[in-house]
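Thanks for making the time. I will go through one structure this morning, from the whole chain down to single side chains.

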Amino acid sequence: MPKLTKWIKFPLYILIGFVVLVITLFVYLLSVALVSAPIPDDLSSLELERKQIDTNSYVIGNNWIRKSNTGIWEMYVEGEAFERGVINGKLSSELVFEQEDAFNDQICKMVPSSFYRGFLKYLIAWFNRDLDENIRDEYKLEIYGVSKSASPKFDYIGPAYQRIMNYHAAHDIGHALQNLALVGCSSFATWNDKSKDKKLIVGRNFDFFVGDKFAENKIALFVNPDQGYKFMMVTWGGMTGVVSGMNMEGLSITLNAAKSDIPSKSATPVSLLAREILQYAKNIDEAIVIAKKRKVFVSESFLIASAYDNKAVNIEITPDTVGIYSPEGNYIICTNHYESEYLAKQQLNKEHIVESASLYRHERIEELLANIPENTPEQTVSVLRNQLGKGDEFIGLGNEKAINQLICHHSIVFEPHSKKVWLSTSPWQLGKFVSYDLNELFAMKGLTQNSELYDTLNTIQADTFMNTLEYNQFLLFRKMKEQITKGGTFDVNRLIKLNPEYYHTYVLAGDYMFREKDFLNAKKFYEISLKKEIATKTEEYYIVAQIEKCNIENNKKK
């Protein structure tokens with residue numbers, strides 16, 4: 001009997017030890033993951049209240065926000081860092097809530113299990129445990145100010161400051177851990193003989209897709225900081241980092257993700273590095289100096305265009321290196337691979353060129369620019385809207401190899417010398433592009449009436465593609481595709497008719513037939529998809545593997 005008691009106690013001790021270990025690990029993760037909020041010198045801005053002057057139009061002193069008839073929110077903030085953040089949050093509190101709600105909805109779709117989401121929450125929090133140590137005090141204060149307007153609904157994820165801080169690293173984490181379709185942007189710039197009047201023109205598509213809801217409330221934000229240069233950027237509720245923007249010195253910046261190794265810990269989020277460059281650099285040399293000061297944890301290309309230099313370069317950044325690509329000609333293209341002398345030769349970059357759609361889009365922009373003798377903002381938009389493949393081949397709507405993938409969060413054109421921007425309106429880059437003159441916007445002394453601020457005489461009209469049968473079919477295709485991912489039955493032939501030249505149409509059909517154990521038809525659809533323009537090698541490998549599985553299953557029936 002004593003021996004039996006011994007054998008019962010032994011596994012019990014192991015179980016207790018395991019539970020203690022798990023609890024200890026949980027407490028450790030929680031303790032290192034929590035980020036202490038900064039302490040502002042002046043808290044008086046917390047007492048400010050916004051005043052409504054019209055529908056969807058509010059002011060706090062000289063600061064204001066309004067919703068344009070285009071659907072774009074326009075906001076102006078000024079002052080010191082914490083004050084700017086507080087005012088930003090108070091003016092856009094509903095947008096901060098909706099953006100966080102949309103972001104978390106998408107996370108729930110991507111990770112349906114609440115258990116795994118909880119695990120992911122602590123994993124990311126641990127990964128970002130030193131995030132605030134790599135961020136300027138100014139931006140920590142600004143983010144803290146914004147977080148004061150964050151909704152308590154999401155406190156289960158973490159404290160407001162920690163959440164908003166971590167969201168600034170979402171771009172980095174998204175493409176570092178997945179290296180896939182969250183980010184696949186295209187941008188380019190022309191100058192001298194390649195541009196009309198020989199002046200700089202920059203165009204970019206920000207193809208960062210986190211669901212349609214996430215892109216509903218774009219903000220054209222105009223910032224007048226107490227230090228550095230005034231600037232504008234395209235953003236969303238709660239986001240103080242920069243992905244697309246231009247300052248009053250005529251320096252613009254756009255971000256394009258590159259292939260990254262999976263990092264072991266966080267550093268400076270690339271959007272906050274871009275913010276620092278935009279706020280404090282007036283030319284390319286100053287931008288490079290700032291870029292070299294910060295350590296990032298993913299690889300990224302910054303297309304920097306400067307009126308001071310009348311040219312553009314790509315600052316190519318990895319966690320270990322900064323490379324500069326400065327072409328000898330009068331234009332530059334930036335997709336998602338590196339071209340600087342050292343980084344272009346790296347194995348990871350070479351693999352990415354072969355496996356991704358980046359080089360294809362780069363070569364397609366080359367083709368389109370070759371047919372434009374002197375670029376203009378209107379012609380820049382025509383490139384950004386182009387849906388065809390190389391050689392004007394129709395490769396299906398929504399193909400990642402197209403410049404216009406029909407997922408764009410925003411598309412924008414900068415004219416650094418004139419301090420003008422043209423910003424797309426929904427849907428994607430198909431709606432009209434409205435023009436803002438930064439000289440006029442920053443000359444305003446508050447908002448006294450709710451009137452349109454964009455230049456109505458300088459608008460680039462909406463794409464006529466929206467008036468076509470193909471556009472309506474694509475919208476139906478997207479709805480059907482979303483339904484397919486949720487399971488259930490659907491009409492395969494109808495799906496194919498809606499987007500017949502798109503390889504992924506047949507992958508969806510093949511996956512459905514495979515799920516229904518109709519391996520003969522599944523193989524047929526997979527084989528058709530191989531004859532189309534496939535976006536990435538990863539998808540091609542998947543299709544080939546599925547065909548082999550079909551062969552195995554079909555042979556079992558013989």
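Start with how far along the sequence the contacts reach. Counting contacts between residues at least 6 apart in sequence, 65% join residues at least 24 apart. Keep in mind that this is a predicted model.

The protein has 558 residues, and 54% of them are buried. Its secondary structure consists of 18 helices and 18 strands. The accessible surface is about 24800 Å², and carbon and sulfur atoms account for 54% of that surface.

Which residues have the most contacts inside the largest nonpolar core? They are Leu91, Ile253, Ile277, Phe302, Ile304 and Ile315, in a core of 53 residues. Helix α8, residues 270–280, gives the most to this core, with six residues. A separate core holds 33 residues, including Tyr471, Leu498, Phe519 and Ala522.

Take Phe302 as an example from the largest core. Setting aside neighbours within four places in sequence, Phe302 touches Ile253, Thr254 and Leu255, among others. Its contacts also include Val270, Leu273, Ala274 and Ile277, and those four fall in the range of α8, residues 270–280. Val313, Asn314, Ile315 and Ile317 are in contact with Phe302 as well.

Leu91, another residue from that list of most contacts, belongs to helix α2, where it is buried. Helix α2 covers residues 81–91 and is mostly covered, with nine of its eleven residues buried.

On to the aromatics. There are 21 aromatic pairs in the structure. One of them is Phe465 with Tyr471: the ring centres are 5.6 Å apart and the planes stand at 75°, so the pair counts as edge-to-face. Are these two residues buried or exposed? Both Phe465 and Tyr471 are buried, and Tyr471 is also one of the residues of the 33-residue core.

Elsewhere, ring pairs join Phe103, Tyr167, Phe206, Phe208, Phe214 and Trp236 into a cluster.

Where is the charged end of Arg50? It lies over the ring of Tyr58, 3.9 Å from the ring centre. Arg136 has its charged end over the ring of Tyr139, with 5.6 Å to the centre.

That is the end of my list, and I can take questions now.

Definitions and conventions:
Residues are numbered from 1 along each chain as its sequence is written. This is a predicted model: local features need pLDDT of at least 70, side-chain atom pairs count only at pLDDT 80 or more; totals for chains, interfaces and linings use all residues. Side-chain values use heavy atoms; hydrogens and water are left out. Helices (H or I, at least four residues) and strands (E, at least two) are DSSP runs, numbered from the N terminus. Buried means under 20% relative accessible area, exposed over 50%, partly exposed in between (1.4 Å probe, protein chains only). Contact means heavy atoms within 4.5 Å. Accessible areas come from the Shrake-Rupley method with a 1.4 Å probe; for residues, only the protein chains shown count as cover. A nonpolar core is a set of buried Ala, Val, Leu, Ile, Met, Phe, Trp, Tyr and Cys residues joined through side-chain atoms within 4.5 Å. Rings of Phe, Tyr and Trp (its six-membered ring) pair if their centres lie within 6.5 Å; planes under 30 degrees apart count as stacked, over 60 as edge-to-face and the rest as tilted. A charge sits over a ring if NZ of Lys or CZ of Arg is within 6 Å of the ring centre and within 35 degrees of the ring normal.
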